[in-house]
Amino acid sequence: MTQWPESGNFGDGDCKAMRLTRPAATIAFVGFSMFLPAALAQQTPGRAARGLLVLYDFAEDGGQTVHDRSGVGTPLDLVIDNSNGVRWSKGTLAVESAASIASAQPARKVIEAVKKSNAITIEAWLTPASNSQSGPARIVSLSADTSQRNVTLGQDKDFYDVRLRATGSDNNGMPSTASPMQSLHTKLTHIVFTRDAGGTAIIFIDGKQLVSKQVNGHFGNWDGKHRLSLANEVTKDRPWLGELHLVAVYDRALSINEVQQNFAAGSQAGSVSAEDRAAAMRLAEQRQTFDTQIAPLFAKHCLECHDSAIKKGGLDLSRKTAALAGGESGKAITPGRAVESLLWDSVASDEMPKDRPPLSAGEKAALQKWLDSGAGWLVEVIDPAIYLHEGHAGEIWVQRLTIPEYIETVRSAVGVDIAQEARELLPPDLRADGFSNTAYNLNVDLKHVEAYGKLAEIIVGRIEVLKFAARFSKSRNLSTDDTMREHVAAMGKWLLRGPLDGREIDVYSGIATTVSSASGSFDDAMRYIIEAMLQSPRFVYRIENQHGDGSPRPAGQHELASRMSYILWGGPPDDELLRAADGGELGDRNKVEAQVGRMLKDPRTVERSSQFISEWLNLGRLANLRPAANEFPSWDAQLADDMRDETLAFFQEVAWKQHRPLAELLNAQVTFATPRLATHYGLKPAGEDVSRYDLSGVPGRGGLLTQASVLTIGGDDASMVTRGLFVLQDLLRGTINAPPPCVNTVPPPTKAGLTQRGIAEGRIADNNCGVCHARFEPLAFGLERFDGVGAYHEQDTHGNQLRDDGEVLFPGEAKPVAYKSSAELMNLLASSPRVSESLTWKVTQFALGRPLIAADAPSVAAIHKAAQQNGGTYSSLITAIVMSDLVQNTRTEKDQ
């Protein structure tokens, strides 16, 4: 568990990337629980699922335990203390005399999630025993006793009464929200109470809205020690009698459509027979085993030779039907019998994978167990790309601000341009997994600590301190009374991007006390407080509360505000976004989407998107590029800058001015070039500065892959290997293993009669090399006419004719698609669903600041679908990312 320093500054133990890691057992459980609702989907049709925290369907045949069937986090089961007071029947628990039905432990997963979301839904299908019960009689309660509660749904004679604790009500949840008189009847009833993040509370009965009122404030004052109880207070003195058919709690306010959807699903929608539940559990376990152990194993060790394209020995292990059919040697997989499976024979004897390290003992054990248990294969196709980063599954990292983010954060927060000094003093951010904002690689060492201290001093020296402090309080009182604490709290919320807790307020207010005792001035105190805040972990890290039970939960209002602003702007929330967070508005998806629409109009969004394209294409490498002077005498730093600027201007034209789908970056017939770059490309210069060029009539040119900023990745020799790998990995999201250590990877030089393409075709024809090289080198054939610095030629320096025809093999497909020219290749890529999906993955990875893992794949698929339905533009993609579970929810580490 990461421990934060007690003071506002870094200590020696904090000089590292901040990481929270879930224990392996927790990961396994969370993975299993994620699959369970899907496995039961056919048994529970039509019910709203998003945000579900607990679900009691009373499907038990008897006993003293009511099981939480939500499949979310650690189950919050309830214990019946008086089994004589209840009667079980299918899908119903009849409470016939006073009984206590309560959780043994505090309902932490409910409390923490609701506090984060500032919203709640309590739903019950029930039949009251009479309309004379009062107290109110507790139906569902999260409380300590008769006067201390977080929330209670109760019955007060002939109406329902909900007491909800918030900062706008007292600790007993008063004033309450009640349904109309005579709205409670002794018949099967669907009762739902919702309260959204904006404070609107609604009671629905049988799908109809009966009352709406404001319950202002937030849930920050909820008590984390309260237990969940049904049909009584935990102190056993407010009993309720009747039948319970279903109880559910959500961490959001269900919409009226969702309430009606759950009403239409009926009171038995959650009931599943013991046999069906056992079958679903087995199915869930099989899915979890396959998705977390077997599919990654195949992707890592087998598909290099046994996918739909290569299919060595006639065996394709990427597709369920083909894998079970077997290959030239017969059936490779015999479900239920590992010893009879040719696949197991090859793996157990270390015959396979060929020319690669054998499987570990753990991998072999997992494969054998899977085969013996029936070889459950629950996906049609294995996509190796989604398992590429499984080594990071379960890791939770706290994100340090990158240098551009730090610069923008300082500029937005205090109005100081610190760019030059920050780039000089801070160690450079290093790339990992294709980006320099990858959280696990954003370390903090002693140089960072020293730099942050120096930078804070420089920043404060450029601020009009008294004017800045006056934004948060007109007082200039140096005492440590409530006025100073309020001043510190307000200023800290702005600089540190969220409310300060009491300890933090004490620490920063203590600086004023120290200054006062030394006869210092108010100006001195503010200066030191601001300087301390600017070098605190909360300023240089995007710190979130990641404690929990190991399952995802809604991001807090201010956490979500920071996520949104750094995704869209690369900087902190503005006043409007903080105001929305303060008011709990970011729990309302419509209001979040409206905020995204507003933020997209800010120029900072364009700048942030340019950072993405620069990071993705690694345009920063151009500053360090030094082509051989004898081969490329016209090369210099200015030409490299022109190449970088071309790509950035091109991206802004396509993505922002024309609002075209991102995939059209591959074939848009336009570019922007200086006179010198235009000459380098063989174009007639159109002006003295950067000019726009229509490329529709220019052979070979058009799209990102034909720009020198990208083409230079091939080096002086215009390597087919490097260029082909870029297309495979960055556009097609294909995977390839590293060559065996014994292989000589130095390519032979070109000569008369031998082009780079000819060299590549020789490698592809080689039995030892062709399996891998056939996947990626043909992808670069269409770029052969571009030399190492992106100039276009139809002959090389040896007089060899160069070609731009070839074929492209899309990952997962069995046959390649031919193209006759580089223009056809660009059109194939631009129209490929795989390329479009890859761009979604790339932008999502950059937005989250971490590599994507298999567990993210369903969310990324939903992001892609939503973005494509709205045009596939950068704006639609960013909107879909922000609205997705990957941003709306926080991954948590289970408390020890």
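Q: How many aromatic pairs does this predicted model hold?
A: The count comes to 19 aromatic pairs.

Q: Why is the pair of Phe 290 and Trp 370 called tilted?
A: The ring centres are 6.0 Å apart, and the cut-off for a pair is 6.5 Å. The planes stand at 40°. Stacked needs under 30 degrees and edge-to-face needs over 60, so this pair is tilted.

Q: What parts of the chain does the pair of Phe 290 and Trp 370 link?
A: The pair links distant parts, 80 residues apart. Phe 290 is in helix α4 (residues 274-301) and Trp 370 is in helix α7 (residues 361-372). Both residues are buried.

Q: What is in contact with Gln 611, leaving aside neighbours within four places in sequence?
A: Gln 611 is in contact with Pro 404 and Phe 846. Gln 611 itself is found in helix α19 (residues 603-616).

Q: What makes Gln 611 buried or exposed?
A: Its relative accessible area is 18%. Buried means under 20%, so Gln 611 is buried.

Q: Which arginine lies over the face of Trp 569?
A: Arg 604 does, at 3.8 Å from the ring centre. The distance limit is 6 Å. Arg 701 lies over the face of Tyr 681, at 3.7 Å from the ring centre.

Q: Why are α12 and α13 called roughly perpendicular?
A: Helix α12 (residues 482-495) and helix α13 (residues 502-517) pack at an angle of about 115°. The class runs from 65 to 115 degrees, so α12 and α13 count as roughly perpendicular. Their axes are 9 Å apart. The crossing is right-handed.

Q: Which residues of α12 and α13 meet?
A: From α12 come Met 484, Arg 485, Val 488 and Ala 489. They meet Gly 502, Ile 505, Asp 506, Tyr 508, Ser 509 and Ala 512 in α13.

Q: How do you know that α27 and α28 are roughly perpendicular?
A: Helix α27 (residues 833-848) and helix α28 (residues 857-869) pack at about 115°. Roughly perpendicular covers 65 to 115 degrees, so the term applies to α27 and α28. Their axes are 10 Å apart, and the crossing is right-handed. The contact is made by Ser 836, Glu 837, Thr 840, Trp 841 and Thr 844 of α27 and Ala 857, Val 860, Ile 863, His 864 and Gln 868 of α28.

Q: Why does Lys 331 count as partly exposed?
A: Its relative accessibility is 49%. Buried needs under 20% and exposed needs over 50%, so Lys 331 is partly exposed. Lys 331 is found in the loop between α5 (320-325) and α6 (342-348). Not counting residues up to four places away in sequence, Lys 331 touches Leu 324, Ala 325, Gly 326 and Leu 342.

Q: How do you know whether Val 247 is buried or exposed?
A: Its relative accessibility is 1%. The limit for buried is under 20%, so Val 247 counts as buried. Val 247 lies in strand β17 (residues 242-250).

Q: What is Val 247 in contact with, leaving aside its neighbours within four places in sequence?
A: The contacts are Val 54, Leu 55, Tyr 56, Phe 58, Glu 123, Ala 124, Val 140 and Leu 230.

Conventions
Residues are numbered from 1 along each chain as its sequence is written. This is a predicted model: local features need pLDDT of at least 70, side-chain atom pairs count only at pLDDT 80 or more; totals for chains, interfaces and linings use all residues. Side-chain values use heavy atoms; hydrogens and water are left out. Helices (H or I, at least four residues) and strands (E, at least two) are DSSP runs, numbered from the N terminus. Buried means under 20% relative accessible area, exposed over 50%, partly exposed in between (1.4 Å probe, protein chains only). A charge sits over a ring if NZ of Lys or CZ of Arg is within 6 Å of the ring centre and within 35 degrees of the ring normal. Axes are lines fitted to C-alpha atoms, for helices over the stretch in contact, and angles run from 0 to 180 degrees between N-to-C directions. Angles under 35 degrees count as roughly parallel, over 145 as roughly antiparallel, 65 to 115 as roughly perpendicular and the rest as oblique. A crossing is left-handed if the near helix is turned anticlockwise from the far one by less than a right angle, and right-handed if clockwise. Contact means heavy atoms within 4.5 Å.
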